[in-house]
Amino acid sequence: MLAELLQTPFADSSVYNELAPDGVTPRPHWAPFIDSLTSLGSDELARRWERAERRIRENGITYNIYTDPQGKNRPWAIDPVPFLVPPEEWRYIEAGITQRAELLSRILDDIYGERRLLSNGSLPAPLLFANPAFLRPLAGVGIPPSSRLHILAVDLARSRDGQWWVLADRTQAPSGSGYALENRTIVSDVLPDIFRLSNVRRLAPFFRAQRDALVALGQSDKPQVVLLTPGPLNETYFEHSYLARYLGFPLVEGADLTVRDRKVFLKTVEGLRPVDVILRRVDDSFCDPLELRGESFLGVAGLVDAVKAGNVTVANSLGSGVIETAAIMPFLAGLSQKLLGEPLKLPSVATWWCGQESALRWVLDHLHQVVVKPAFPRRGVEPIFGAELGRGETQRISDQLRARPFEYVAQEQVALSTAPVWDHGQLHSRSLVLRTFVLNTGTGWMALPGGLVRVAGAEGPVVSMQKGGHSKDAWVLWDQPIETFSMLRPRGQPVEINRGSVDLPSRAADNLFWLGRYAERAECIARLLRCMMSRVRRVTGAQLACLFHLHACFDESEPKLPKDRPATARDLEEELISLMTDAGRSGSLASTLDELQRVGGQLRERLSTDMSRLVVQLAESANVESYMLFSEYSAVLDGCLELLSAFSGMERENITRGPGWLFLSLGRRLERAMYSVRQLRELTSMSDDATWPFLDYLLEVADSSMTYRSRYFTTLQPVAVLDVLMADGTNPRSLEFQLVHLADLYQKLPRHVPEDLEAMRHAITLLHSLDPATLNYPLPGATPDNDTRIHLNRSLGYLQDLLDSWADNVASTYFGHARTFPISIGG
Amino acid sequence: MTYRIVHRTTYKYKHPVSFGNHAVYLNPRTDERQRCEAYQLTVDPLPATHSERTDYFGNRVSFFTVQEPHDQLAIEARSVVSLDPAEPWPEHGPAWEEVARSLPGDTTPAGLDAFQFVFESPRIRPGPDFAEYAGESFTAGRPLPEALLDLTARIHREFRYDSKATNVRTPPEEVLREKKGVCQDFAHLQIACLRSLRLPARYVSGYLRTYPPPGRPRLIGADASHAWLSVYCPGSGWLDVDPTNNVVPSQSHVTLAWGRDYGDVSPVRGVILGGRDHKLDVAVDMEPLE
């Protein structure tokens with residue numbers, strides 16, 4: 001039966017075959033599974049698998065590849081055939097890895113405590129002193145013992161004789177348990193009957209225990225636990241958000257947290273929320289720029305101090321990465337005897353730390369049999385396979401080892417066992433590594449029954465998710481009744497209706513605010529550009545002069561027009577092209593759309609799929625091709641503006657009116673108000689009597705030409721244009737409309753600052769005092785230095801300053817959680 | 001010898017800072033021949049929180065946060081320190097190779113403490129170029145104290161003091177290549193040389209008394225933060241040398257703190273919210289009291 005599924009005979013006697021020792025007869029614990037798979041048939045499996053793969057893509061299950069030119073978001077590669085572990089074998093592994101967790105935890109305790117293992121010679125001092133992961137600021141700090149090594153991952157491989165070996169310990173911030181969980185969900189969904197009949201041990205009890213253990217680490221009555229992630233660029237970000245949701249803890253980045261009074265808080269728009277426990281997926285040295293790596297933006301300044309004050313617990317503890325080094329492996333057997341009084345149950349792969357004279361000599365004599373690795377991994381240093389070294393290289397590597405021996409380890413290369421991988425209807429044989437997990441429950445150790453199996457992408461011994469490998473679910477087949485607890489709410493159980501939303505994190509609010517600002521900024525820029533680009537080649541004289549006035553309405557501190565001579569139409573044309581397409585120029589349309597996309601990317605989990613897609617389309621909407629004529633550029637801008645109005649439509653119609661929407665709208669109104677003020681100021685600064693083309697342009701930019709014509713026919717007068725663009729509260733593009741809405745949105749925000757609300761109301765009062773109907777505004781051709789015009793221009797300048805300070809204060813209050821400066825109310 | 005030291009650091013920020021989190025190493029150490037008699041730290045604006053700790057290397061470090069908006073931060077540390085004269089320089093000592101060879105096996109507290117300073121640290125990565133430069137002084141079998149003085153004198157002679165040539169991030173490799181820098185660079189360079197020979201060397205941050213030109217009054221604030229290094233020599237303990245001035249520190253050098261390199265003991269560091277660019281002004285005044 002098996003033969004039908006096998007593409008190539010599995011008989012490779014140089015490695016351990018997990019499925020079938022002779023290549024055709026399955027081992028007893030595989031036999032029922034293979035029978036079921038055969039009766040299911042490969043067509044049916046293919047059909048189900050196609051559906052599962054679609055779900056993987058739709059659910060956005062990804063693993064980011066650092067060196068992938070396609071960037072992030074590679075779909076998670078998983079194999080439908082699980083890896084099967086029989087009961088007696090699991091008991092052996094479980095005993096081995098839990099003992100290892102206890103041992104490593106005790107070593108960590110000693111390293112950050114009394115360091116007796118150093119003074120009594122059981123652990124060579126360079127393992128600490130030469131190890132960048134030894135975090136000196138944490139030495140001697142008392143922390144809850146069970147947070148020292150909250151979770152441990154152990155990578156296992158099986159050699160030809162069937163023995164399991166430990167390849168590596170992950171003590172820093174082990175990844176993979178979330179992917180293991182996701183794999184289980186997918187595979188048990190594809191093979192539900194086989195899964196049920198196989199009596200597989202469940203994963204959920206492990207995660208329940210992890211949740212309980214984390215909560216128990218908190219000091220307060222109702223402890224707040226958060227999961228700290230480096231952010232969406234991290235390779236395992238999907239897992240962070242998946243685990244956070246599954247465990248029920250907020251997913252936060254360093255910028256979401258702040259330390260005040262030696263305590264950690266989560267910044268939300270509702271205020272600062274105390275944080276008791278941090279499950280960290282950020283490497284510890286990046287966790288506090290004040291006391292650890294100064295250049296890190298991923299952490300929280302003052303975190304170490306908060307830990308020392310006993311106000312927050314971090315799991316795994318800061319500094320736990322110190323024992324990830326393979327250099328510790330040769331000493332574990334002795335340390336097990338010394339600290340636990342028992343032999344090490346699960347052996348480590350043969351390892352030599354070259355810092356010892358005898359080990360170095362052995363390694364130099366047997367260089368071609370081993371893999372040489374840096375003892376303390378640094379970026380960009382790859383393992384060296386001794387067998388592949390040429391003669392010259394051997395000499396060079398030997399010299400390196402002799403010069404700084406304690407920086408290197410050598411390991412025997414295990415010939416990895418192989419497991420079946422399903423591909424296009426047949427089973428292929430691939431090398432595998434099993435990552436297992438052990439949790440400190442606070443009262444003991446608990447192993448995740450199963451784990452994350454990683455298999456090589458092709459035939460051969462290299463297994464790495466970074467290098468295109470696959471993953472598998474691991475089924476521990478059990479001989480006892482199993483616990484079938486689930487963390488998810490059963491379908492039959494009623495839900496509570498919930499219309500509230502959880503506190504909006506400040507960073508998300510900040511991003512939404514800027515999403516609104518950039519979307520509006522892009523629109524304002526595109527409208528100005530379109531108006532000018534369609535004219536710059538056709539106009540001269542007064543009209544051209546007015547285009548230069550319009551150019552002054554860009555928020556541009558460094559215009560690229562000639563300073564030593566009067567600018568020509570040709571100069572302006574080039575300037576406009578630059579303002580449209582130069583992504584390296586801040587304030588250009590291209591760079592604004594890039595920013596929009598960047599901010600949108602940060603909000604991936606808060607925007608609908610449609611909106612996210614629009615953001616991506618927008619990023620390319622202002623691109624021009626080299627073959628295009630200048631006259632075609634306005635058509636490109638038309639397309640861009642259409643997408644922008646689709647975006648603002650979704651903003652109005654498709655988002656619930658929670659605090660998130662308030663910030664988005666606030667950003668949009670603020671930006672539009674700023675552009676509006678600049679345009680009105682420009683208008684009121686023009687003292688010559690040739691302003692009428694400018695009036696026409698302004699109406700077009702503000703999409704208000706029709707409104708104006710319906711009221712005033714074709715007579716263009718500054719005072720009437722001012723009324724439409726500045727004072728008319730029914731025009732959604734007027735300044736009045738923006739200010740009134742700003743005040744309204746702002747007062748709906750939680751804990752708004754009364755002084756800032758007052759400042760905006762004052763701005764509205766000021767604007768109302770400038771009613772064009774009662775103003776003695778000069779007619780075209782009147783005296784140039786008219787007092788009314790100058791007063792109006794000054795007042796608008798004051799409003800412009802007020803809007804800038806007001807935006808800073810909103811940012812300080814809600815995003816920075818700092819006290820604000822009073823806005824000076826003058827005029 | 002007793003000094004009253006005033007160390008004033010002022011940051012002027014271009015944009016207001018709404019929140020600042022700072023750590024300062026401005027409290028002089030007390031050890032065998034130096035006693036810190038008094039220490040007072042004053043910060044303006046008044047910090048919201050303040051704590052004092054002893055760090056991993058035994059230095060005193062003060063942490064404080066300023067939680068109100070400010071566009072200037074003034075940190076003033078005042079201390080009174082009395083110094084005994086340094087022990088006479090050892091006339092004999094073990095051969096340097098012997099020190100490098102024996103230290104890894106020395107698990108006494110002093111030996112372990114010294115051994116950690118043999119290794120790479122964030123700002124100092126030993127390498128063959130440093131070993132080669134040091135080799136001219138560290139000839140076969142030469143006693144460590146003698147070779148150390150020779151290397152110190154060579155750095156003083158062959159490197160030019162140039163406060164424009166480097167900044168706090170300049171790596172020792174560049175200093176060796178360009179042959180110029182300031183006290184911190186020369187200390188880092190000499191430490192890199194010694195560690196490349198597997199000798200234990202630590203970075204010392206402190207103050208140096210300066211003397212006015214003859215007949216002129218002492219200028220207040222003209223003294224300086226200074227840096228030198230210290231090397232462990234079994235039998236004699238830690239030996240300080242100052243490559244910038246080619247002297248053995250004694251009555252004019254006050255030790256603030258020591259660590260593996262500048263990064264461990266930079267006098268003032270902070271993480272701030274806002275601010276963008278800043279202007280930094282440092283003034284040190286070291287007044288002899290007797």
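I began with confidence: pLDDT is the predictor's confidence in each residue, from 0 to 100. Chain B has a mean pLDDT of 92, and 98% of its residues reach 70 or more. The model as a whole scores ipTM 0.92 and pTM 0.85.

**Ground rules**

I noted that this is a predicted model, where local features need pLDDT of at least 70, side-chain atom pairs count only at pLDDT 80 or more, and totals for chains, interfaces and linings use all residues. Residues are numbered from 1 along each chain as its sequence is written, while chains are lettered from A and ligands numbered from 1 in the order in which they are written.

**Chain A overall**

I looked up the secondary structure next. Chain A has 28 helices and 21 strands. Helices (H or I, at least four residues) and strands (E, at least two) are DSSP runs, numbered from the N terminus. The C-alpha trace of chain A spans about 100 × 70 × 60 Å along its principal axes.

Then I checked burial. A residue is buried if 20 or more other C-beta atoms lie within 10 Å of its own, exposed if 12 or fewer, and partly exposed in between; C-beta atoms are placed from the backbone. In chain A, 45% of the 827 residues count as buried.

I also checked contacts. Two residues are in contact if their C-beta atoms, placed from the backbone, lie within 7 Å. Among contacts in chain A with a separation of 6 or more, 70% come from residues 24 or more positions apart.

I turned to helix H4 (residues 87-111) of chain A. H4(A) packs against H13(A) at an angle of about 80°, and their axes are 10 Å apart. Axes are lines fitted to C-alpha atoms, for helices over the stretch in contact, and angles run from 0 to 180 degrees between N-to-C directions. So H4(A) is roughly perpendicular to H13(A). Angles of 65 to 115 degrees count as roughly perpendicular, under 35 as roughly parallel, over 145 as roughly antiparallel and the rest as oblique.

Which residues of H4(A) meet H13(A)? I found A:Glu102, A:Leu103, A:Arg106 and A:Ile107. On the H13(A) side they meet A:Leu332, A:Leu335, A:Ser336, A:Leu339 and A:Leu340. The residues of this contact divide into 6 nonpolar, 1 polar and 2 charged. Ala, Val, Leu, Ile, Met, Phe, Trp, Tyr, Cys and Pro count as nonpolar, Asp, Glu, Lys and Arg as charged, and the others, Gly among them, as polar.

**Strands in chain A**

I looked for a hairpin. S9(A) and S10(A) are joined by one through 2 residues. The two strands, residues 263-268 and 271-274, run antiparallel with 4 bridges. A:Leu266 has A:Arg273 as its bridge partner in S10(A). Two strands pair if DSSP finds at least two bridges between them.

Next came an open sheet of 4 strands in chain A. Its order is S13-S16-S14-S15, with antiparallel pairing. Strand S13 (351-353) and strand S15 (384-385) are the edge strands, since each pairs on one side only. S13(A) pairs with S16(A), residues 408-412, over 3 bridges.

Most residues other than glycine have a negative phi, and most peptide bonds are trans. I went looking for exceptions.

- A cis peptide bond joins A:Ala315 and A:Asn316, with omega about -10°. A:Asn316 lies in the loop between strand S12 (313-315) and helix H13 (329-340) of chain A.
- Another cis peptide bond joins B:Asp44 and B:Pro45, with omega about 5°. B:Pro45 lies in the loop between strands S2 (34-44) and S3 (49-54) of chain B.
- A:Asn199 is not a glycine, yet has a positive phi of about 50°. A:Asn199 sits in the loop between helices H9 (192-197) and H10 (204-216) of chain A.
- A:Arg751 also has a positive phi, about 45°. A:Arg751 lies in the loop between helices H26 (735-748) and H27 (754-769) of chain A.

Is A:Arg751 buried or exposed? A:Arg751 counts as exposed, because it has 9 C-beta neighbours inside 10 Å. A:Asn199 has 15 other C-beta atoms within 10 Å, so it is partly exposed.

**Where the chains meet**

Last, I checked the interface. 24 residues of chain B are in contact with 26 residues of chain A. S1(B) gives the most to chain B's side, with 5 residues. That side has 13 nonpolar, 7 polar and 4 charged residues.
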